[in-house]
Amino acid sequence: MMDFRELNRLNRRDMLRGTAMLGAGAAFMQPVPLWAQSGTMTDIRKAAEAGKDASIKRIRDWIALPSIAAENRSMPEGAAYMAELAKDAGFTNVEIVPTDGHPGVFGTIDVGAKRTLGIYFMYDVKQYDPAEWSSPPLEGKMVERPGFGQAIMGRGAVNQKGPEATFLAALHAIRAAGRKLPVNIVLVCEGEEEIGSPHFRQIATKPNILAALKKCEGIFIPFASQGKTGNVTVNLGSKGIIELELIASGEKWGRGPKGDVHSSLKAMVDSPAWRLVQALQTLVTPDGNKPAIEGWFENVRPLTDREKTLIREAAKAGDEAQQKAALGITHWIDNLSYDDALIRLAQEPTVNIEGLVAGYTGPGGKTVLPGKAVAKLDLRLVPNQTRAEAEKKLRAHLDKHGFTDVEVNVSGGYDPTEVAEDSRLVRSELATYKKLGVATSLNPRMAGSWPGSTFTAPPVSIPAAHFGIGHGSGAHAPDEYFLIDSTNPKVAGLVDATMGFAEFLYVLAAIK
């Protein structure tokens, strides 16, 4: 999931660089960048600089409220806070939208412009263990990040509260500068992205929200997309995902214990834990590298020659050794070459074990035979697979192999996303990056996932993508941060990232 996340940040920023280069390196250390010399942008920049402290406070205060869907923690409060942020930024008709799960938030800004842009937010964040952090995860402390500068650290700092608050900062700056927004804006926000967006479609297809979305040129999620080079990858799609649990239990199986028993009894009692292991082994090839679920590949769309070319060209500019070091590995899967590994990354669906839980896992031994075993899995999907198809095939596979007792509990997920390279949304992104002096590359498909397919598929049927400059890291991990004051002349700090969003709105309004 937006678990486009740490590995996927490496994929986007560092693995896929170098094609479709547009312009020279960024020059974010200039007091007034060349692209901001028009009166409008100069005024907006002054307002963004004047509002910088308020923008930082907005991020820090938001970090202090951790809405964690997986723990059912502060979800009503998170939705209410998101609604207030929207109202404060100028959205009207703001409503908290009930779902069968946690609520969403919707609002609009209608300035009578000829074009309308959608913006996707999430207000939920991942879980965290304070013991793993060098700074309290809800404090929003300013820290120094070598090679980048001063950053704000906290859970949600980059995923997604920092980039989202920066977009709101752009709206505040435009209004403070006395300028009229160049486009109308539709805000759609959810609180369940980190658990696979199980009820987001209910929000997006609510009649008044659907009607507003269908007027949009496209929708994007704010993004802090720059690494140390300042380059940005424009993603033309992302993999879909299903998050689920497989559960083997003595109670469902009818064999083995209903609860934990002494391990000495294994000689005459069946083990649900081994039952789960055997079921898991059928899902992949013996090396664990390829799904073996019946019919899994029948609808997979292979990458086109152009898509493969984009990846191979990007690989030439990548630093393979640095990527391996960052991931803590020495070989790519199947000992593939760098570019072939990148092609496989974009092309292949996956079956991944996130975690295994059974019996006792604390210090020392505890001689038990567990009555239940659970595997947490995520399945990454590529075009033209669908979530519904994948769920059906997984269940059929387990049944065929005799594991009718193994439960499949799906917690969330969605289909893959694709966006046309020639869509006005993507062309506006590329034109904005060029105007900002940011070098870009095109990535056919992001390995991570976000619920963009909710927008690209019927009944909404609009383009969906990512956009933004600036930097952050540590999504889903300890010491997550978002850059505020950049010391790297190629990377945007808070004010420049704010201006990047402002520029994007004006480019989208004007592009043919």
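Colleague: How many salt bridges does the structure hold?
Modeller: There are 26 salt bridges in it. A salt bridge here means a side-chain nitrogen of Lys or Arg within 4 Å of a carboxyl oxygen of Asp or Glu. Keep in mind that this is a predicted model, where local features need pLDDT of at least 70 and side-chain atom pairs count only at pLDDT 80 or more, while totals for chains, interfaces and linings use all residues. Residues are numbered from 1 along each chain as its sequence is written, and side-chain values use heavy atoms, leaving out hydrogens and water.

Colleague: OK, which residue does Lys206 pair with?
Modeller: Lys206 bridges to Glu95, with the closest N and O atoms 3.3 Å apart. That pair ties together distant parts of the chain, 111 residues apart: Lys206 is in the loop between α6 (200-204) and α7 (207-213), and Glu95 is in strand β1 (residues 92-97). Helices (H or I, at least four residues) and strands (E, at least two) are DSSP runs, numbered from the N terminus.

Colleague: And what about Glu245 and Lys376, how far is it from N to O?
Modeller: That salt bridge is 2.6 Å, N to O. Glu245 sits in strand β10 (residues 240-249) and Lys376 in strand β14 (residues 372-381), 131 residues apart.

Colleague: Is Lys376 buried or exposed, or partly exposed?
Modeller: Lys376 counts as partly exposed, at 38% relative accessibility. Glu245 is partly exposed too, at 23%. The cut-offs: buried is under 20% relative accessible area, exposed is over 50%, and partly exposed is in between (1.4 Å probe, protein chains only).

Colleague: Switching topic, which residues touch the most other members of the largest nonpolar core?
Modeller: Met82, Leu171 and Ile185 do, in a core of 70 residues. Helix α16 (residues 494-510) gives the largest share, 10 residues. A nonpolar core is a set of buried Ala, Val, Leu, Ile, Met, Phe, Trp, Tyr and Cys residues joined through side-chain atoms within 4.5 Å.

Colleague: What does Ile185 touch?
Modeller: Not counting residues up to four places away in sequence, the residues Ile185 touches include Phe91, Ile109, Leu117, Phe167, Leu171 and Leu505. Contact means heavy atoms within 4.5 Å. There's also a second, separate core of 23 residues, with Leu244, Leu276, Ala375 and Ala390 among them.

Colleague: Now helices. How many residues of α12 are buried?
Modeller: In helix α12 (residues 338-347), 7 of the 10 residues are buried, so the helix is mostly covered. Among them are Tyr338, Leu342, Ile343 and Arg344.

Colleague: What do the buried residues of α14 pack against?
Modeller: They pack against β3 (116-122), β7 (219-222), β8 (232-235), β17 (440-443), β18 (464-467) and α16. The buried ones include Leu425, Val426, Leu430 and Tyr433. Just after α14, Gly437 takes a positive phi of about 80°.

Colleague: Last one: where does Ser67 lie?
Modeller: Ser67 is in the loop between α3 (52-63) and α4 (75-88). At 1% relative accessibility, Ser67 counts as buried. A polar atom of the Ser67 side chain lies 2.9 Å from the backbone oxygen of Ser74.

Colleague: Which other residues is Ser67 in contact with?
Modeller: Leaving aside neighbours within four places in sequence, the contacts of Ser67 include Arg73, Met75, Gly78, Tyr123, Asp124 and Lys161.

Methods:
Polar contact = N/O pair within 3.5 Å; in protein donor to acceptor, adjacent residues only side chain to side chain.
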